[in-house]
Amino acid sequence: MPEENNNAAREITYREAVREAMQLAMRSDESVFLMGEDVGVYGGAFGVSRGMVEEFGEERVVDTPLSEAGFTGLGVGAALVGMRPIIEVQFSDFITHCMDQLVNQAAKLRYMFGGEASVPLVVRTPGGAGTGAAAQHSQSLEAWFIHVPGLKVIMPSTPYDAKGMLLAALKDPNPVIVYEHKLLYNQKGNVPEGEYTVPLGEAHVSREGEDVTIASAGYVHGYALEAAEALAESGIECEVVDLRSLSPMDDARVAESIEKTGRLVVVEEDVKTAGWGAELVSRIVEGESFYALDRAPARVAGADVPIPYNKNLEAHIRPSPEKVVAAVKSLVNEKVGVYS
Amino acid sequence: MRDYTQPLEALETMLRIRAFDEKVDELFAAGKMHGTGHFYVGQEAVAVGIISALQEGDVITGTHRGHGHALAFGLDVKKMAAELLGKASGYCHGKGGSMHIADVGAGMLGANGIVAGSMGIVCGAAWAFKRRKEDRVAVCFFGDGAVQEGIFSEALNMAAVWQLPVVFVCENNQYAMSLSVNRGFANARISEKADGYGMPGVTVDGMELVEVQEVAREAVDRARSGGGPALLEANTYRYLGHSKSDANLYRTRDEIKQWRENDPIGRFVVHLEKTGDLESGGLKAVEEKIYTEVEEAFEWAMNEPEPAPESALEDVYA
């Protein structure tokens with residue numbers, strides 16, 4: 001897409017892109033602040049806010065007590081009276097502590113109050129496995145939140161999107177949960193220097209192809225691209241759609257791609273059962289694009305188990321480029337039904 | 001916000017809260033109201049006493065037993081009645097109901113159906129005031145049951161660490177639904193918990209308006225002048241059940257009777273007669289005025305139109 005070639009050939013990491021978005025927002029809007037555990041001098045558990053307290057001070061880059069429910073609630077209250085809080089939940093697993101505040105408060109207040117208030121809260125949190133951190137520091141719980149009307153859920157996979165979508169989230173009048181991925185923080189990409197936004201709720205085609213549509217989001221979008229490259233060598237051209245937003249979900253863009261390819265593989269990192277891929281597949285098969293499908297859609301997802309500690313076990317239950325290649329090949333090679 | 005500089009205003013508001021919830025109880029009994037309702041009858045001196053120490057710009061959060069907080073803060077009786085009846089002209093256009101009445105623009109940041117659910121929210125408002133150097137205070141009402149929830153500890157600790165302009169007001173009405181404070185706490189003196197967070201804690205007779213006003217003024221002034229948060233425990237009692245479906249199996253008639261004899265409105269009337277702000281026998285006229293006002297509000301609300309069904313799909317996102 002041309003958007004990534006705009007005005008800069010500068011490469012920075014995903015971590016730096018997120019930080020830059022926060023810095024730009026805080027420089028231009030006094031009401032924006034960052035709050036979370038160890039976000040100050042420590043710089044955040046993953047170094048995302050490193051250096052920010054030096055620029056903005058402890059009043060705007062706020063180290064909290066270990067009180068995820070409390071400071072998420074604080075974010076809701078501050079948002080209600082006109083602030084623009086960015087709440088960092090140190091590991092996305094700890095978001096379980098925040099469920100009441102996110103599900104019953106942030107997501108509901110506007111509706112319960114008859115539209116007479118809004119909660120412009122941004123919650124950033126690193127999710128995902130692959131670091132050998134085992135079951136309580138590796139989960140992908142993003143699908144939980146797309147089940148809650150009133151929240152927006154985004155999962156940028158590139159530095160470009162990380163910056164542009166965070167800036168968009170900070171202008172959005174609704175609560176937005178941003179799932180970052182620990183393994184993405186060191187990845188580099190082209191990122192323009194100034195302010196720009198990437199709209200929430202719009203998928204992005206990151207590779208065009210005619211044979212199979214691969215829909216993914218977050219870190220495993222990289223697996224989809226790797227798989228597509230490998231498959232191209234055997235003559236199978238995949239179209240890779242990066243959803244970027246899980247709620248709202250741009251299934252229309254996926255449907256459009258299926259019109260061209262007739263085949264769909266969903267690649268997601270969360271557990272397969274009731275994952276966001278299940279929602280996407282449902283939308284596709286209950287819509288018009290069902291008739292464009294030559295095959296039943298396939299899902300490459302995490303196994304329905306907690307994340308194990310051992311590296312080999314962890315790799316065994318996670319998606320991988322090889323699993324994506326296998327899923328695509330089975331769709332392409334599968335014999336067409338006898339009636340076709 | 002109501003102006004409580006006139007003592008009669010406090011009396012009128014306590015009566016308004018009582019008349020309102022008695023009317024709601026009556027409508028439930030008659031099958032004219034759906035859902036559920038949690039009555040504030042008996043606790044009037046707490047909301048009125050605390051809120052009378054506030055000034056324009058201050059904010060409050062309520063509880064699921066929130067009609068009293070909203071009325072004491074000055075929300076409109078008619079729009080509240082309409083909301084309870086699910087009407088389009090209600091505060092939440094029929095989407096919130098009894099447990100979610102709010103007027104965020106005016107500073108009433110919402111009743112809350114989740115016990116202790118607003119304790120973080122109130123810290124957020126106070127945090128914003130402090131950060132923006134605004135001369136505003138946030139008050140958090142919550143029940144004794146909320147003290148048993150985890151976010152109570154988180155909120156008090158954050159407010160104390162950052163010296164936020166918050167006043168935490170525990171309405172200890174002796175029961176969390178059916179759980180008495182004596183069964184729910186090993187140490188039932190809730191104000192003593194303040195010490196553990198490094199803030200002052202005071203227990204006050206929540207049936208005595210003048211005393212509530214005094215401790216409230218002290219805590220609110222302290223918070224406003226940068227002195228940080230305080231925990232107030234107001235001992236009070238709900239005369240009616242937890243909600244409209246409560247058979248009161250966990251407390252005796254005698255107990256209820258004893259508290260009723262200690263009625264906050266009755267005690268304030270005696271006080272007003274002493275100060276000369278109310279003539280002996282003058283209560284009757286005030287009662288008549290307020291009960292008529294509430295009756296008319298519900299009558300008006302009954303005839304208001306229902307919200308359009310399609311509006312159910314609106315207001316999810318801004």
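This is a predicted model: local features need pLDDT of at least 70, side-chain atom pairs count only at pLDDT 80 or more; totals for chains, interfaces and linings use all residues.

Residues are numbered from 1 along each chain as its sequence is written, chains are lettered from A and ligands numbered from 1 in the order in which they are written, and side-chain values use heavy atoms, with hydrogens and water left out.

**Where the chains meet**

- Chain A puts 45 residues in contact with 36 residues of chain B, contact meaning heavy atoms within 4.5 Å.
- About 3,200 Å² is buried between chain A and chain B, and carbon and sulfur atoms give 63% of that; buried area is the accessible area (1.4 Å probe) that two parts lose on being put together, summed over both.
- The rule finds 15 residue pairs in polar contact across this interface, both residues at pLDDT 80 or more. A polar contact is a pair of N or O atoms within 3.5 Å; within protein, one must be able to donate a hydrogen and the other to accept it, and residues adjacent in sequence count only if both atoms are side-chain atoms.
- On the side of chain A that touches chain B, α3(A) gives the most, with 10 residues. Helices (H or I, at least four residues) and strands (E, at least two) are DSSP runs, numbered from the N terminus.

**Salt bridges**

- The whole structure has 35 salt bridges over all chains, and two of them are between chain A and chain B. The rule asks for a side-chain nitrogen of Lys or Arg within 4 Å of a carboxyl oxygen of Asp or Glu.
- B:R131 pairs with A:E30 in a salt bridge, their closest N and O atoms 2.9 Å apart.
- A:E30 also forms a salt bridge with A:R60, at 3.6 Å between the closest N and O atoms. A:E30 is exposed, with a relative accessible area of 55%, whereas A:R60 counts as buried at 7%. The cut-offs are under 20% relative accessible area for buried, over 50% for exposed and in between for partly exposed (1.4 Å probe, protein chains only).
- A:E30, A:E59, A:R60 and B:R131 are linked in a network of salt bridges.
- In chain B, B:D58 forms a salt bridge with B:R224, the closest N and O atoms being 2.7 Å apart. B:D58 sits in the loop between α2 (44–51) and β1 (59–61) and B:R224 in helix α9 (residues 209–224), so the pair ties together parts of chain B that are 166 residues apart in sequence.
- B:D58 is buried at a relative accessible area of 0%, and B:R224 counts as buried at 18%.

**A helix to look at**

- In α1(B), 17 of the 23 residues are buried, so the helix is largely enclosed by the rest of the structure.
- After α1(B) comes B:G31, with a positive phi near 70 degrees.

**Backbone spots**

- Most residues other than glycine have a negative phi, and most peptide bonds are trans.
- The peptide bond from A:S247 to A:P248 is cis, with omega near 0 degrees.
- A:A134 has a positive phi, near 70 degrees, and lies in the loop between β5 (122–127) and α6 (142–146) of chain A.
- B:A116 has a positive phi near 70 degrees as well, and counts as buried at 7% relative accessibility.
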